[in-house]
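Please read these notes with the structure open beside you.

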Amino acid sequence: MSLRFLPASLCLAFALLAGALPAFANEQLWSLLKGTGLVVLMRHAVTTPGIGDPPGMKIDDCSTQRNLTEEGRSHAKLIGEAWRAHGIQVGKVMSSPMCRCLETARLAFGRVDDFQVTNARTESEMTRQVRDMRAVASEKHRGGNIVVVSHGTTIAAVTGITPGPGEMLIVSPQGDGQFELKGRLVVRGP
């Protein structure tokens with residue numbers, strides 16, 4: 001059966017299951033984001049692949065961390081340009097305090113309004129970080145959409161989906177620790 005004969009919602013569901021994201025799904029998500037009350041869980045833009053933070057990494061010293069590449073910086077700027085081109089308002093920008101997340105947020109959205117807990121190094125820190133992100137993703141709020149720039153591992157622990165660099169998962173808070181996944185938004189990099 002051809003996907004073009006299915007309702008758009010079923011096509012989006014098939015695309016999500018297949019890991020593909022056709023252009024029409026992106027346009028539907030941009031339209032959805034023109035409303036308010038959604039949460040966007042965004043993985044930071046591209047860093048050097050296969051390399052973690054070096055030993056002795058310090059949260060307050062970017063020179064000791066794995067940071068964005070030039071491609072990542074360009075991609076973060078492109079994401080921000082796409083938001084502005086679609087006329088999407090951002091109510092609040094939250095970020096992990098890791099430099100790659102802060103830089104992604106600032107290049108894309110021009111600001112960071114609030115911080116998440118630090119990047120998890122222990123199981124208890126990861127548990128807290130996941131709990132805090134789930135609370136943001138599920139708590140109904142008024143006003144503009146909330147963008148949370150974070151790490152793929154944290155987003156995957158909350159949603160069950162591992163986003164690519166710069167990929168955004170759009171969720172609708174339902175309260176009581178629950179949220180509904182509306183889709184995966186990808187702005188193609190340079």
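1. Start with β5 (residues 168-175) and β6 (residues 178-185). The two strands run antiparallel and are joined by seven bridges. Strands count as paired if DSSP finds at least two bridges between them. L169 stands opposite R184 in β6. The hairpin of β5 and β6 has two residues between its strands, and D176 takes a positive phi near 50° there.

2. A word on the source. This is a predicted model, in which local features need pLDDT of at least 70, side-chain atom pairs count only at pLDDT 80 or more, and totals for chains, interfaces and linings use all residues. Residues are numbered from 1 along each chain as its sequence is written, and side-chain values use heavy atoms, leaving out hydrogens and water.

3. Now the overall order. The chain has six helices and six strands. From the N terminus they run α-α-β-α-β-α-β-α-β-α-β-β. Helices (H or I, at least four residues) and strands (E, at least two) are DSSP runs, numbered from the N terminus.

4. Look next at α4 (residues 99-109). Eight of its eleven residues are buried; buried means under 20% relative accessible area with a 1.4 Å probe, counting protein chains only. Among them are C99, C101, L102 and F109. The buried residues of α4 pack against β1, α3, β2, β3 and β4. Just after α4, G110 takes a positive phi of about 80°.

5. Last, the whole chain. Buried residues make up 47% of its 190 residues. Of the contacts (heavy atoms within 4.5 Å) with a separation of 6 or more, 62% link residues 24 or more positions apart.

Technical notes:
Buried < 20%, exposed > 50% of the residue type's maximum accessible area, 1.4 Å probe, protein only.
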